[in-house]
Every structure is written in structure tokens, then in C-alpha cells.
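Hello,

Here is the model we talked about. Please open it next to this message; my notes follow below.

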Amino acid sequence: MPDQTAVQTPITQAHIDFYRENGFVQVDNMITSPELAELREYLEEAMQSDGERAVRTDKQGGLYYRVLNQKVNLWRDHAGLGRYTAHPRFAESARLLTGAAGMRLFHDHGLWKMPGDSKATPWHQDTPYWPVNEANPGMMSLWLTLDDVDERNGCMAFVPKSNRLGKLKGIDLASPQNIFDYVEGGQTDAHKPVVVPLKAGSCTFHDGLTFHYAHANATDRPRRVLAIIYAPDGVTYSGDPHVVTDGAGLEKDRPIAGPRFPLLARKS
Ligand code: SIN
Ligand code: NI
């Protein structure tokens with residue numbers, strides 16, 4: 001048996017406590033400067049090339065493109081990028097924050113907020129879009145920025161503890177409803193957002209039920225983000241349509257598993 005060396009992560013007990021209390025957390029310096037340079041190169045290649053497996057969700061000029069230039073499952077076309085998507089440091093960080101016994105990849109995606117006629121990413125939860133049976137699956141996203149971000153170019157904001165409000169309706173991201181209309185009392189002080197500017201190479205993690213938003217990009221350069229979505233081992237497939245599970249050989253009501261959804265971190 002090879003030695004099982006513990007995976008090193010930047011996650012502290014303070015990060016874990018904050019995430020479990022608030023449904024999101026900021027983690028600085030998730031990657032080193034050389035990694036940042038390499039990942040920028042890989043992400044540029046993956047976003048700009050046309051492979052066979054990754055999927056663009058809208059074309060330039062589209063309504064959704066103004067919110068996000070998004071490409072899903074980059075790892076399936078770009079092995080170098082895939083090394084980051086499957087990185088044990090990231091997956092183990094996700095596992096530690098949630099306390100899951102094992103963490104699987106659900107998908108990665110490039111999330112670029114393009115300059116020129118940019119729209120904010122409206123307040124939403126992620127869980128309603130995912131084809132899983134559990135109302136609170138513990139699925140979550142790592143949002144790793146390759147550019148410094150603040151309110152001028154698309155940094156994120158979160159409503160602390162909003163993950164406790166349960167799974168609400170999915171928002172149409174291109175033509176949005178107001179998520180706060182679904183919450184008793186509306187947008188009160190109890191749902192005050194926290195804006196999270198970040199340096200390039202830093203990240204946030206957020207639970208799929210946490211309300212989040214990203215500002216429009218008013219600068220003249222793209223805001224480049226790699227996001228990775230993780231599912232705790234055991235979360236079950238609902239059979240609902242979704243770009244990453246359609247045709248992936250999953251069985252309805254059975255745990256999400258198999259080569260497209262690899263187990264990337266497990267409790268030692
Ligand atoms: C964004 O990057 O603008 C939004 C990310 C998310 O919804 O998770
Ligand atoms: Ni989201």
C-alpha cells in the first residue's frame with residue numbers, strides 16, 4: 001500500500017466555522033503565483049478553443065452571454081485545466097468545509113463576465129438548477145478568480161445564513177425574478193448582503209442554497225473565473241434534464257457516481 005499523505009489545504013478551523021455558520025467563506029491565496037500564471041493560460045485556451053465535450057451556454061450577443069460567458073465541463077476537453085479541476089487541494093478544502101466523508105466533482109465551468117454591456121448575475125441559489133433529489137444536498141461551489149475583483153468588475157456578494165431558508169424557485173438568470181419576493185418579509189436587514197472583493201488566486205466557497213450575486217463588469221477587460229461544483233458522495237440523481245448529466249449513464253434515484261463524476265477527496 002502506498003503511504004497516504006494527508007492533502008495540504010489552506011483551510012483553518014476558522015474557515016470551517018464561518019462556512020458552517022454563514023453558508024459561504026472567503027479563502028485567500030488558494031493558488032500560488034506560478035499556478036495562477038499557468039491556470040490563466042489554460043483557462044484562456046479552454047474558453048477560446050472549440051473542443052467536443054465542453055458546452056457553451058450562450059453565444060456572443062445573447063441575453064445570457066451579457067450576464068456570463070460560460071463554458072461547462074472544460075476539464076473534458078483540456079487536460080491541463082482538468083488538473084486544476086480535479087486538484088486534491090481544492091476538493092479536500094471543499095470536503096473539510098462541508099464535513100462530507102467524500103467529495104465528487106459535479107462539473108467545472110469557466111465564468112467570464114465580459115466587458116461592454118455587462119449585466120449583473122442576479123441574486124439566486126444554485127441548488128434549484130441541479131438534478132438531484134435532496135432539497136439540501138450539501139453541494140457547493142469553489143469560485144476561483146484569476147483577476148483581482150471588486151464591485152467594478154464582477155465580484156460576488158452573499159447573504160449570510162440564507163442557505164437556511166431552504167430550496168426556493170430557480171431564477172431566470174437572463175430575465176430575473178426577485179429572489180427576495182420568495183422570502184417572508186422580503187429584503188429586510190435580516191438578509192443584508194456581504195460584498196467580497198478578492199485578489200487574483202483567491203476564492204470563495206458557497207453552499208448551493210446560499211443567495212449570491214455578482215456585480216456587472218464595468219471595466220474594459222473580462223473577469224475570468226474558474227468555478228468548480230462539488231457533490232458530497234451519495235447525493236442522488238433526480239433524472240431531471242441537465243447539461244452535465246444528460247447522457248452520462250446515471251440511474252434515476254441512484255447516487256451520482258462514475259467516471260464523469262469522480263470522487264476527488266475522501267476522509268482518510
Ligand atoms: C458569477 O460568476 O457571476 C456568478 C457565479 C455563480 O452564480 O456561482
Ligand atoms: Ni450561482
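Asn73 is buried, at 7% relative accessibility. Its place is in the loop between strand 3 (69–72) and helix 4 (79–85). Asn73 is not a glycine, yet its phi is positive, about 65 degrees. Bear in mind that this is a predicted model.

Lys161 is another residue to check for its backbone. Its phi is also positive, about 70 degrees, and Lys161 is not a glycine either. Lys161 lies in the loop between strand 7 and strand 8.

**Salt bridges**

How many salt bridges does a search of the whole structure find? The count is 13.

Take Asp117 and Arg66. They form a salt bridge, and their closest N and O atoms are 3.1 Å apart. Asp117 sits in the loop between strand 4 (102–113) and strand 5 (121–124), while Arg66 sits in helix 3 (residues 63–67), so the bridge ties together parts that are 51 residues apart in sequence. Asp117 is exposed, with a relative accessible area of 54%. Arg66 is partly exposed, at 29%.

Next, Asp147 and Arg224. The closest N and O atoms of this salt bridge are 2.7 Å apart. The pair links distant parts of the chain, 77 residues apart. Asp147 is in the loop between strand 6 (140–145) and strand 7 (156–158), and Arg224 is in strand 11 (residues 223–232). Are these two residues buried or exposed? Asp147 is buried, at 9% relative accessibility. Arg224 is buried too, with a relative accessible area of 15%. The cut-off for buried is under 20%.

Then Lys199 and Asp148. Here the closest N and O atoms of the salt bridge are 3.7 Å apart. Lys199 lies in the loop between strand 8 (194–196) and strand 9 (203–207), and Asp148 in the loop between strand 6 and strand 7, so this pair ties together parts that are 51 residues apart in sequence. Lys199 is exposed, with a relative accessible area of 56%. Asp148 counts as partly exposed, at 45% relative accessibility.

**Helix 1 and helix 5**

Two packed helices are described by the angle between their axes and the distance between the axes. The axes of helix 1 (residues 13–22) and helix 5 (residues 88–98) come within 8 Å and cross at roughly 60 degrees. That makes helix 1 oblique to helix 5. The crossing of the two helices is right-handed.

Which residues make the contact? On helix 1 they are His15, Ile16, Tyr19 and Arg20. On helix 5 they are Leu96, Leu97 and Thr98. By class, the contact has four nonpolar, two polar and one charged residues.

Leu96 deserves a look of its own. Its place is in helix 5. Leu96 is partly exposed, with a relative accessible area of 26%. Leaving out residues up to four places away in sequence, Leu96 touches Thr9, Ile11, Ile16 and Arg20.

Helix 5 as a whole is mostly covered, with eight of its eleven residues buried. The buried residues are Arg89, Phe90, Ala91, Glu92, Ser93, Ala94, Arg95 and Leu97. Gly99 follows helix 5 and has a positive phi, near 85 degrees.

**One more site**

Ala190 has its place in the loop between strand 7 and strand 8. Ala190 counts as exposed, at 60% relative accessibility. From the C-alpha atom of Ala190 to that of Ala94 is 27 Å, and the two residues are 96 apart along the chain.

Best wishes

Definitions and conventions
Residues are numbered from 1 along each chain as its sequence is written. Chains are lettered from A and ligands numbered from 1 in the order in which they are written. This is a predicted model: local features need pLDDT of at least 70, side-chain atom pairs count only at pLDDT 80 or more; totals for chains, interfaces and linings use all residues. Side-chain values use heavy atoms; hydrogens and water are left out. A salt bridge is a side-chain nitrogen of Lys or Arg within 4 Å of a carboxyl oxygen of Asp or Glu. Helices (H or I, at least four residues) and strands (E, at least two) are DSSP runs, numbered from the N terminus. Buried means under 20% relative accessible area, exposed over 50%, partly exposed in between (1.4 Å probe, protein chains only). Axes are lines fitted to C-alpha atoms, for helices over the stretch in contact, and angles run from 0 to 180 degrees between N-to-C directions. Angles under 35 degrees count as roughly parallel, over 145 as roughly antiparallel, 65 to 115 as roughly perpendicular and the rest as oblique. A crossing is left-handed if the near helix is turned anticlockwise from the far one by less than a right angle, and right-handed if clockwise. Contact means heavy atoms within 4.5 Å. Ala, Val, Leu, Ile, Met, Phe, Trp, Tyr, Cys and Pro count as nonpolar, Asp, Glu, Lys and Arg as charged, and the others, Gly among them, as polar.
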